[in-house]
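Subject: Structure handover

Hi,

Here is the structure I promised to pass on. Open it first, then read my notes below with the model beside you.

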Amino acid sequence: MKKHVKPILVSILGLILLSCGNETTTKKDYLVFKYNEHKNIGSLDPAFAKDNADIWAINQLFNGLVQMDEHLNVQPCIAKDWTISEDALTYSFSLRQDVKFHKHKRFEKDSTRTVLASDFEYSLNRLLDKKIASPGRWTLNKVDSFEAINDSLFLIRLKQPFPAFLGLLTMKYCSVVPKEIVEDYNNDFRSNPIGTGPFKFKRWEENLKLVFRRNNNYFEIDDTGRKLPYLEAVAITFLPDKQSEFLQFAQGNIDFVSGLDASYKDDILTANGKLREHYAKDVNMIRGPYLNTEYLAFFMDSKVTEIQSKTLRQAINHGFDKQKMMTYLRNGIGIPAYGGFIPKGLPGYNDSIGFTYQPEKAKRLVQQFIRETGISNPQITITTTSNYLSFCEYIQRELQKIGITVNVDVIPAATLKDAKANGKLDLFRASWVADYPDAQNYLSLYSSKNFAPNGPNYTHFKSEQFDTWYQEAFTITNPKQRETLYTKMDSLVMASAPIVPLFYDEVIRFTRKNVNGLGINPINLLDLKRVKKDKN
C-alpha cells in the first residue's frame with residue numbers, strides 16, 4: 001500500500017495548485033503575509049533568539065545598531081553611522097533620533113518613547129546577565145566595556161581587534177529592548193514583546209497562531225521615500241509537519257515554504273532542481289547560497305599512510321564528480337564545492353582554489369602514491385552518520401574506479417562528534433554552518449591554536465604562514481583587504497588538501513506568484529519589511 005501513497009499525493013497537489021489560483025479570501029487578504037512554522041516558536045525575546053524559528057519572528061519585531069543586507073554587507077539600522085578607532089578597539093555609534101518603541105501603556109506619555117543610547121547599554125548588560133542565561137552571551141566575549149556617552153552616542157570597546165564584530169552585532173541577540181517594559185513583564189516578556197521593528201506584536205495563541213500588525217511609526221523608508229513595511233500584518237501558523245505545511249501552501253492558505261523535505265521534494269522539483277511543470281504557473285522558486293560547507297576531513301596526525309599522503313588526498317579530491325552527486329542525491333540543490341572551505345556567498349570565497357573532477361589525473365596520482373609507498377591497494381575508511389550514507393556510498397563507488405578501496409563506517413551522530421574532537425577518526429564527514437557571517441569563522445578551523453578537543457581544528461592542520469595571516473586578519477578593518485587575505489588563507493589550506501569540500505548548501509524558498517520582494521540571503525534570515533502581495 002505504501003507504494004501508492006506518493007503518486008496519489010502528487011495528483012492531489014497538482015489539482016489543488018491548478019485550481020486554487022482563482023480562489024478569493026477576504027478583501028484585504030493580500031495585505032497579510034502568512035507562513036507556517038513547523039518547529040514552533042519558543043520565545044519572542046531577542047535574548048533567546050537562538051533557533052531559526054524564533055529568529056524569523058523576532059526579526060519582524062526588533063532592531064539593533066546595525067543590520068545585514070542580502071549580500072552580507074553591514075548596513076546602518078538604529079545607528080545611522082559609526083567610526084572605528086585606528087587601533088580597531090573602539091566602536092563609536094551615532095544613533096538615529098527618530099526611532100520609537102512600539103506603543104505600550106507603560107510608556108505613559110504618547111504610549112511610546114524614542115530609543116536612546118542608554119537603551120543599548122541596558123540591552124547588552126541584560127545579554128551578559130547570568131541570571132538571564134541568554135544563549136547569545138557569547139556574542140560579547142571580545143567586548144571589554146560599553147557605555148552611553150549621551151542620548152545619541154554609544155561606545156563599545158573590545159579586548160582585542162576583531163573585524164567580524166560588526167557582523168556579530170547584526171545578530172538578533174543584540175537587539176534593543178526597553179527597560180521599563182522588560183522589567184514590568186520579567187519572564188513574560190517572551191510573550192509580550194515590545195521592540196522597534198517594522199511589525200508590532202498583536203496576539204499569540206501558542207502552538208496555534210501568532211499575529212503581528214504593521215508598525216505605522218517604523219523609521220525605515222524605501223528608495224522612493226515610501227514608509228516601510230508595505231504589508232498590514234503577518235500571520236504565523238504552527239502545523240507540526242512539513243507535508244501538512246506544503247499542502248497548505250498548495251491550497252493558497254500560506255504564502256511561502258522554506259527548504260526541501262523528503263515528503264515533497266521529488267513532487268515539486270525535477271532531478272536537476274527545476275520546478276515541475278504543474279507548479280510553474282502558481283509558484284516561484286528562489287534559491288541562493290547558504291553559509292554551510294559540507295565536507296570530508298582528514299585527521300592530519302593520523303598514523304595511516306594513505307591519510308598522511310598529500311598525493312592521495314589530492315587524488316581523492318579529484319576523483320569523483322560533485323555535480324553528478326548533487327543532481328542525483330539533492331535534486332540539484334546545493335553548489336558543488338570547487339572552491340575552498342569558505343562557502344559561496346561569503347566574502348573570501350573563490351571558485352578557482354579547489355579541486356575539479358579530473359579522473360585521469362586522479363588515477364595518475366594514485367599510481368604515484370603506489371610507487372612512492374609500495375602500497376599496491378590503497379584503502380581508506382570514511383566515518384559518517386546515517387543521514388549522509390548515500391553521499392559516502394557514492395564517493396565509495398567513484399573512488400573505486402580510480403584505484404582506491406573505500407570502506408564506509410556508519411556511527412551515531414553523538415559518537416562521531418566525540419570521536420572527531422578527540423582525534424579518533426582518520427577520515428570523516430562533517431559540516432560547518434556559520435555562527436556569524438564572516439569568513440574568519442570558517443578559517444578558525446585551521447588555526448593551530450584551535451586544535452580539537454580545545455577548539456574546532458578537527459583536522460589538526462598546521463601552518464606557520466597560515467597562523468601569521470590568521471592573526472594579521474584580526475587587525476585589518478578594511479573589508480576588501482580582509483577579503484583578499486581570507487582568500488589567500490583558504491588557498492593555502494587547500495594546497496595541503498586536509499579536507500575534501502563536497503558542496504556549499506543553498507537556501508531554497510517557494511512562494512506564491514503574487515508575493516514580491518521576499519528575496520533571499522546566505523544566512524536564511526526572513527525579512528518581510530519590503531514584501532508586497534498583489535491582489536489575486
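**The enclosed space**

The lining of the largest cavity is made up of five nonpolar residues, two polar ones and one charged one. For that sorting, Ala, Val, Leu, Ile, Met, Phe, Trp, Tyr, Cys and Pro count as nonpolar, Asp, Glu, Lys and Arg as charged, and the others, Gly among them, as polar. The residues themselves are Pro 46, Ala 47, Ser 123, Arg 126, Leu 127, Tyr 173, Ser 175 and Val 177. This cavity holds about 40 Å³ of space, and the structure has one cavity of 30 Å³ or more.

Before you go on, note that this is a predicted model, where local features need pLDDT of at least 70 and side-chain atom pairs count only at pLDDT 80 or more, while totals for chains, interfaces and linings use all residues. Residues are numbered from 1 along each chain as its sequence is written, and side-chain values use heavy atoms, with hydrogens and water left out.

What do I mean by a cavity and a pocket? On a 1 Å grid over the protein atoms alone, a cavity is a set of points where a 1.4 Å probe fits but cannot get out, and a pocket is an open set with protein on both sides within 12 Å along at least five of seven lines; lining residues have an atom within 4 Å of a point. Points are joined across faces, edges and corners, and a volume is the space filled by probe spheres set on them.

**A pocket to look at**

The second largest pocket contains about 480 Å³ of space. Its lining has 22 residues, and Leu 72, Val 74, Asp 438, Pro 479 and Arg 482 lie nearest the centre. Sorted by type, that lining has 15 nonpolar, three polar and four charged residues. Helix α17 (479-496) gives the largest share, five residues, while β4 (79-84) and α4 (165-169) are among the elements that each supply at least two. Helices (H or I, at least four residues) and strands (E, at least two) are DSSP runs, numbered from the N terminus.

**A helix tucked inside**

Is α10 (residues 310-318) enclosed or open? Eight of its nine residues are buried, so the helix is largely enclosed by the rest of the structure. (Buried means under 20% relative accessible area, exposed over 50%, partly exposed in between, with a 1.4 Å probe and protein chains only.) Among the buried ones are Leu 312, Arg 313 and His 318.

The disulfide count is zero, taking a disulfide as a pair of cysteine sulfur atoms within 2.5 Å.

Thr 459 sits in the loop between α15 (440-443) and α16 (464-473), and it is buried, with 4% relative accessibility. Its side chain makes a polar contact of 3.2 Å with that of Asn 457. (A polar contact is a pair of N or O atoms within 3.5 Å; within protein, one must be able to donate a hydrogen and the other to accept it, and residues adjacent in sequence count only if both atoms are side-chain atoms.) A polar atom of the Thr 459 side chain also lies 3.1 Å from the backbone nitrogen of Phe 461.

Cheers
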